[in-house]
Amino acid sequence: MLEKGKISASQMGMMLFLAVVASGVMSIPGITGKYAHNDLWLSPIWAALMGTVTVWIAHRLHCMYPEKTSVQYSEEVVGKVAGKAIGFLFIFFYLHLSGFVVRSYAEFIVQNFLHKTPISVVIITMIFVCTWAVRAGIEVIGRTAQLFFPVFLIPVLFIPLLLNNMKLDYLFPMLEHGLVPSIKGALVPGGWLSEMFLLSFLLPYVRNQEKGKSSALYAVIGVTLLLTMINFFILFVLGKQIGDFLFPVMVAFRYISVAEFFENMESLVMAIWILGMFVKISIFYYVTVLGASQWFRMSDYRSLVLPIGFFVGLFSFWSFPNFNTGLYFDIYAFPFYGPLIQTVLPLFLLIIAALRKKGQSQNQNLTAAKHK
Amino acid sequence: MSGNPRKWWKANKGRMQQKHVPSHTPLEKNIARNEEILRTLYTNCSDVVFRSFLIFGTTPALIIYIDGLANIEEMDARVLAPLMQGRGNTEWRTEDFLQKVIPISKWQEICSLEECVESIASGYPVLLIDQQEKAISIGLAKWEKRNVEEPVAEGVVRGPREGFTESITVNTSLLRRLIKTPALKMERREIGGYTKTCIIVTYIEGLVEPSLVTEVNSRLSRIEIDGILESGYIEELIEDQPSSPFPQILSTERPDVVCGNLLEGRIAILVDGTPFVLIAPTTLFSLLQSSEDYYQRSLASTAIRWLRYFFTAMSFVLPSLYVALITYHHEMVPTSLLISMASSREAVPFPALVEAMIMEVTFEALREAGVRLPKQVGAAVNIVGALVIGQAAVQAGLVSAPMVIVVAITGIASFMIPHYIAGISIRLLRFPMMLLAGTLGLLGIMLGVIMAVVHLCSLRSLGVPYLSPVGPLRVQELKDTLVRAPWWMMDTRPKLLGEANPHRQAPGMKPGPSNGGDAT
């Protein structure tokens with residue numbers, strides 16, 4: 001096997017949680033708010049369906065082909081040529097997504113905090129740090145995720161500091177235009193939750209396999225709960241103008257002012273958010289490296305870490321020319337592009353694999369009957 | 001000397017490994033011949049004494065010892081006197097001697113010249129007798145050694161005050177006095193071509209994972225070096241990740257610390273000639289724990305541990321945090337504080353990063369000077385340091401007062417780490433952190449922290465993850481990491497590699513009036 005390290009199921013759950021929520025928590029609420037208005041707290045619940053379905057598909061496929069990642073088993077499911085093509089699609093998808101995530105992270109930092117720093121510096125330093133982690137392997141990424149998981153949740157503790165600014169009235173009128181706006185708002189978080197398909201790359205390296213599915217589902221529940229809570233929180237603080245902000249969470253945290261000492265927490269929130277983004281980027285980067293080395297049938301993935309890191313850097317520049325285009329991609333393309341590759345394509349793989357298995361067992365039954 | 005150093009080493013190995021003594025040369029019957037060989041070996045060794053005499057006035061014999069290593073008074077009274085003055089028939093064997101004439105409990109028969117030399121070097125006089133193929137090594141060694149004193153580097157308020165000494169026999173006896181079971185094993189070996197330093201690997205059978213002992217032994221037998229003068233040599237030669245700034249093997253001079261670790265299933269390595277004993281495997285958290293934590297009340301220990309964790313983190317990031325706040329993130333500082341900081345920085349000609357660097361380097365210089373200087377001069381250094389980097393530098397407008405406070409807190413924080421060596425590595429890391437903070441602000445600090453965490457996550461000490469029990473998480477063991485649980489709750493031992501004897505004590509020992517006391 002390429003990767004000799006093992007992670008525990010709970011580590012995998014935390015990795016998946018951070019991989020989805022780290023970037024989501026900043027950009028999703030604003031977009032959701034644009035469509036769902038004051039029903040935005042409902043949207044993550046619809047989106048959770050997408051996450052659950054993706055987890056179920058990835059886990060079924062894993063049960064059929066244990067110890068193999070999706071790049072490896074797609075060859076077995078649909079044959080060598082088509083399988084290689086699908087594998088390439090997965091790798092390219094995650095390579096592009098890694099670059100995209102790095103870029104949006106860098107744009108966020110430059111727009112909000114380091115206005116004069118060239119964006120390439122922010123991008124390159126992050127990729128360098130992630131290279132460090134990816135070289136160390138899945139075990140180290142898992143442990144880092146486990147350590148950063150509780151830290152990432154610290155900002156939730158700041159929410160009570162805003163009780164003064166919260167108005168529960170903003171919740172009403174509930175479902176003014178029916179369920180449709182909230183379902184529209186669920187498309188973007190749904191796209192994010194389809195990233196749960198990362199599971200298919202991590203499951204083969206989980207030590208306690210039997211808990212793999214449940215901890216992935218816990219990750220889906222965790223993401224949903226956190227997004228719902230954040231949505232409630234910004235709704236109560238900002239009211240109907242949520243849709244006007246790009247990063248409403250940051251804006252809401254700026255309201256904090258207690259005893260003229262706990263003020264301007266947004267720098268602290270950003271610092272903690274960087275930890276989550278690091279885990280997210282490392283996982284995407286790692287999955288790309290692992291998938292590529294399996295696609296090339298290499299014996300060690302470490303020699304691919306640097307070249308792919310270089311490509312991640314390039315893709316972060318190529319993915320979009322400016323911030324607004326990136327936002328368009330997030331709103332109009334990704335809700336369909338993400339689930340297409342990560343949920344629909346695996347679903348087809350699952351159906352074909354199931355039919356094949358059925359055919360095989362029938363054949364075996366037939367031959368067995370003939371021999372009798 | 002050119003070409004491959006490995007080849008050169010293989011060809012010239014013998015030179016290092018003291019081949020002056022031919023290995024396994026049996027002693028000869030003729031005592032004059034033996035004496036001649038030994039005298040040639042010890043040419044120009046003025047400290048080696050050869051004393052010839054006649055046993056019972058008839059048989060020639062020779063006693064050889066090193067002046068200062070052998071107990072001469074005892075030897076004269078117990079060995080020479082009975083042999084020279086006593087009477088006996090001429091038909092006797094060496095064994096009879098030892099049973100009837102020489103009243104000494106520790107002795108050994110020697111057959112080869114090599115053993116002879118070894119015994120003499122260890123301080124045991126050797127008795128050669130004419131017409132006998134076996135010599136006797138007499139266990140009368142005695143050399144100057146320090147008394148058992150209180151350890152200097154690891155002080156405690158409550159707890160034993162004994163510390164290890166330079167003598168390995170004293171050290172093993174200190175351990176044996178605390179752990180009396182025969183399961184306490186001590187495997188002896190010699191390392192060092194010239195020094196022949198005695199190394200003892202000790203562990204408790206049944207508690208330690210056997211694979212761990214094999215691993216330590218195989219790593220030790222890899223060592224081919226001319227001399228071992230301190231356990232630091234061994235530490236650097238057997239650790240997992242030699243390029244890491246973090247020590248992966250704990251060193252201590254306290255017998256109670258060693259015993260506590262042995263009882264948790266770890267291995268200790270004693271080295272002759274140093275009071276510092278190595279303990280492996282080690283985790284980051286055991287570097288941050290003091291033996292006193294286990295002797296105080298658990299609540300106090302828990303609070304002190306948290307204080308220690310907090311200040312350890314501070315010694316790592318505080319100066320860089322200050323630099324980042326001053327340079328990039330003014331908005332995070334409350335306004336009134338910002339105004340007073342700005343006014344004190346007004347006259348300072350340097351950017352915050354340079355200011356911080358100057359002060360931190362000066363602090364390190366002062367610390368090093370304080371350790372190394374003779375005590376009489378040390379006081380002068382302290383005064384000069386306090387005046388120059390404290391008062392005068394601020395008044396001269398070279399540094400700002402808040403910076404002095406930051407440096408002082410960082411310094412105190414780094415001395416809170418109970419193991420001095422670990423403190424040094426964390427203090428070293430704060431310099432790159434300051435550079436990162438000066439260039440990228442808070443983002444730089446976070447990137448530095450991430451890199452440190454990733455590195456710590458990938459470190460192992462003899463196969464045990466360095467950050468356990470936190471990463472990977474072992475909830476059972478957090479009772480001795482996040483808190484110091486009271487002893488009646490410490491039912492299980494930490495799981496290092498395997499699960500050799502996981503239970504430490506009987507469960508449900510919580511004391512109380514209805515449980516153990518006089519129930520009324």
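Before I start, a word on conventions: residues are numbered from 1 along each chain as its sequence is written, while chains are lettered from A and ligands numbered from 1 in the order in which they are written. Since we are looking at a prediction, local features need pLDDT of at least 70 and side-chain atom pairs count only at pLDDT 80 or more, whereas totals for chains, interfaces and linings use all residues.

Let me begin with chain B, where the domain assignment, with bounds from an automatic or database domain assignment, gives domain 1 as 22–138, domain 2 as 168–282 and domain 3 as 310–465. The centres of domain 2 and domain 3 of chain B, taken over C-alpha atoms, lie 35 Å apart. Even so, 15 residues of domain 2 of chain B are in contact with 13 residues of domain 3 of chain B, where contact is taken as C-beta atoms, placed from the backbone, lying within 7 Å. On the domain 2 side, α7 (210–221) and β8 (250–252) of chain B each supply at least two residues; helices here are DSSP runs of H or I with at least four residues and strands are runs of E with at least two, numbered from the N terminus. That side of domain 2 of chain B divides into eight nonpolar, five polar and two charged residues, counting Ala, Val, Leu, Ile, Met, Phe, Trp, Tyr, Cys and Pro as nonpolar, Asp, Glu, Lys and Arg as charged, and the others, Gly among them, as polar.

Turning to the sheet in chain B, five strands form an open, antiparallel arrangement in the order β1-β2-β4-β5-β3, two strands being paired if DSSP finds at least two bridges between them. Its edges are β1 (48–55) and β3 (107–110) of chain B, each pairing on one side only. Inside the sheet, β2 (residues 59–66) and β4 (residues 126–129) of chain B pair over four bridges in the antiparallel sense, and I63(B) has L127(B) as its bridge partner in β4(B). Helix α2 (residues 31–41) of chain B packs on this sheet, touching β1, β2 and β4 of chain B, and its direction makes about 20° with that of β2(B); axes are lines fitted to C-alpha atoms, for helices over the stretch in contact, and angles run from 0 to 180 degrees between N-to-C directions.

Five residues lie between β6(B) and β7(B), and G192(B) in the turn has a positive phi of about 110°.

How do helices α4 (residues 80–112) and α13 (residues 305–318) of chain A cross? Their axes come within 7 Å and cross at roughly 65°. Among the residues that meet there are L95(A) and H96(A) in α4(A), and F311(A) and W318(A) in α13(A). The residues of this contact of α4(A) with α13(A) divide into seven nonpolar, four polar and one charged.

Methods. Contact = placed C-beta atoms within 7 Å.
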